[in-house]
Every structure is written in structure tokens, then in C-alpha cells.
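Please read them with the structure open.

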Amino acid sequence: VPNYGKTFTATREAMAACRNHRVHEIIATMWGDNGGEAVLNTVWPGLILFGQAIYDAPEDDATIDSRCKGLTGLSLSGFLAVEELDLLPWCERPNLKTRNPSKYFLYQDILLGAFDKYVISGVGEHYARWSSELKRLAEGGEYAPRIREMLELYAQLARVLSVKTELGVTIRKAYKAGDKAALEAILPVL
């Protein structure tokens with residue numbers, strides 16, 4: 001899941017520092033999030049911002065939005081919707097500490113509960129809402145095929161997380177209460 005908040009903050013600050021110190025040769029790097037988990041097409045907004053900065057062109061969100069639409073068909077807000085998978089209601093914005101709950105919830109073993117302390121009521125609803133929104137975006141625009149695939153992938157990730165994030169907590173609660181009916185009701189979800 002891309003972290004546009006950090007990308008935009010770091011790029012703008014770095015480019016301002018480069019201008020102030022008269023640095024003329026600047027490169028941009030992209031990180032694949034620990035092994036290439038991030039979809040390559042998520043880089044467009046950051047690359048556009050970098051390009052605008054390199055050529056002393058406007059760096060405002062409206063310009064970046066226009067460029068995103070022109071190059072991919074997807075608006076800046078459409079790209080930013082993907083980031084919502086890591087911007088849970090209690091997370092700060094921008095996500096400068098690079099918290100990535102989508103990742104640790106996805107990889108967590110639901111019976112071990114290593115990250116269950118971060119599961120609060122409504123997390124599943126957060127992911128369900130963004131799954132629907134990303135699916136709506138994927139179905140509703142004239143995008144480059146890879147952009148549509150990106151939105152569909154993140155919609156599916158959000159759908160999985162909408163079920164999985166609270167599942168371990170629910171299982172543990174039912175197990176500790178000895179509620180076999182509740183445990184049996186969870187089986188179809190698994």
C-alpha cells in the first residue's frame with residue numbers, strides 16, 4: 001500500500017532543500033515495500049510531483065491531479081483512496097511514521113493474535129467501506145488497464161482485511177467464553 005502522505009512530504013521538503021543548497025543533480029528512487037509488494041503503478045503521483053519539482057513547474061495538488069488524470073485516467077483522489085488501507089481512523093495524517101496495518105493484518109496468523117491489540121471495533125467496517133469505494137472506482141472510470149487492475153487488487157485486499165482483521169479477536173472471545181455455537185458460526189468465514 002503506497003504512503004502518499006510521506007512521499008509528498010519528503011519530496012517537497014527534499015526538493016526545497018535542494019533548491020536552497022543549489023543542488024542540480026537529483027534522482028528519485030522507488031521502494032518496493034519489502035520485496036515488491038507494492039503495485040508499480042502506485043508510483044505515478046510521486047513521480048509526477050518529482051517531475052514537476054525538477055522542472056520548477058507547479059507542485060500543487062490540482063496540477064498533480066490533472067497530470068494523474070492525463071497519464072492514467074485516475075484522479076489524484078483515486079490514487080489517495082488506496083492509501084486509506086493504512087490510514088485507520090486512529091492513524092495520524094500524513095502517515096509519516098509509515099505505519100502499515102494492512103500488511104501486518106494480512107500476514108498475521110489469526111490464532112496467534114500478535115497484532116490484535118490494534119484491532120478496535122470498526123476496523124472491519126473501515127476496510128469494507130474502502131473495498132466498496134475502490135471497487136466503485138475500478139468499475140467507473142476510463143483508465144489504463146493496469147490502473148484498473150491496481151484498483152481491483154486493492155479492493156480485494158480491503159475485502160479480505162474487512163473479514164480478517166477482527167476475526168482473531170472474535171475467535172478468541174468466543175473460545176474464552178466457551179461459546180461453541182459462535183465458534184461454529186465462524187467456520188463458513190474461514
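1. **Basis.** This is a predicted model, in which local features need pLDDT of at least 70, side-chain atom pairs count only at pLDDT 80 or more, and totals for chains, interfaces and linings use all residues. Residues are numbered from 1 along each chain as its sequence is written, and side-chain values use heavy atoms, with hydrogens and water left out.

2. **Fold.** The protein chain has 9 helices and 0 strands. Helices (H or I, at least four residues) and strands (E, at least two) are DSSP runs, numbered from the N terminus. Along the sequence the pattern reads α-α-α-α-α-α-α-α-α. The C-alpha atoms fill a box of roughly 65 × 35 × 25 Å along the principal axes.

3. Of the 190 residues in the protein chain, 40% are buried. Buried means under 20% relative accessible area, with a 1.4 Å probe and protein chains only. Contact means heavy atoms within 4.5 Å. Among contacts with a separation of 6 or more, 66% join residues 24 or more positions apart.

4. **Surface and charge.** The accessible surface is about 11400 Å², and carbon and sulfur atoms hold 56% of it. The area comes from the Shrake-Rupley method with a 1.4 Å probe. There are 22 positive and 24 negative side chains. Lys and Arg count as positive, Asp and Glu as negative; His and the chain ends are not counted. The centres of the two sets lie 4 Å apart, each charge being placed at NZ of Lys, CZ of Arg, CG of Asp or CD of Glu.

5. **Helix α5.** Why call α5 largely enclosed by the rest of the structure? Because 6 of its 8 residues are buried. They are Leu76, Gly78, Phe79, Ala81, Val82 and Glu83. Their cover includes α1, α3 (44–54), α4 (61–72), α7 (123–140) and α8 (145–177).

6. **α1 against α5.** The axes of α1 (residues 4–20) and α5 (residues 76–83) come within 9 Å and cross at roughly 120°. Axes are lines fitted to C-alpha atoms over the stretch in contact, with angles from 0 to 180 degrees between N-to-C directions. Tyr4, Gly5 and Phe8 of α1 meet Leu76, Phe79, Leu80 and Glu83 of α5. By class, this contact has 5 nonpolar, 1 polar and 1 charged residues.

7. **Cys91.** Cys91 sits in the loop between α5 and α6 (101–107). Is Cys91 buried or exposed? Cys91 is buried, with a relative accessible area of 9%. Its C-alpha atom is 28 Å from that of Ala174, 83 residues apart along the chain.

Note on methods: Buried means under 20% relative accessible area, exposed over 50%, partly exposed in between (1.4 Å probe, protein chains only). Ala, Val, Leu, Ile, Met, Phe, Trp, Tyr, Cys and Pro count as nonpolar, Asp, Glu, Lys and Arg as charged, and the others, Gly among them, as polar.
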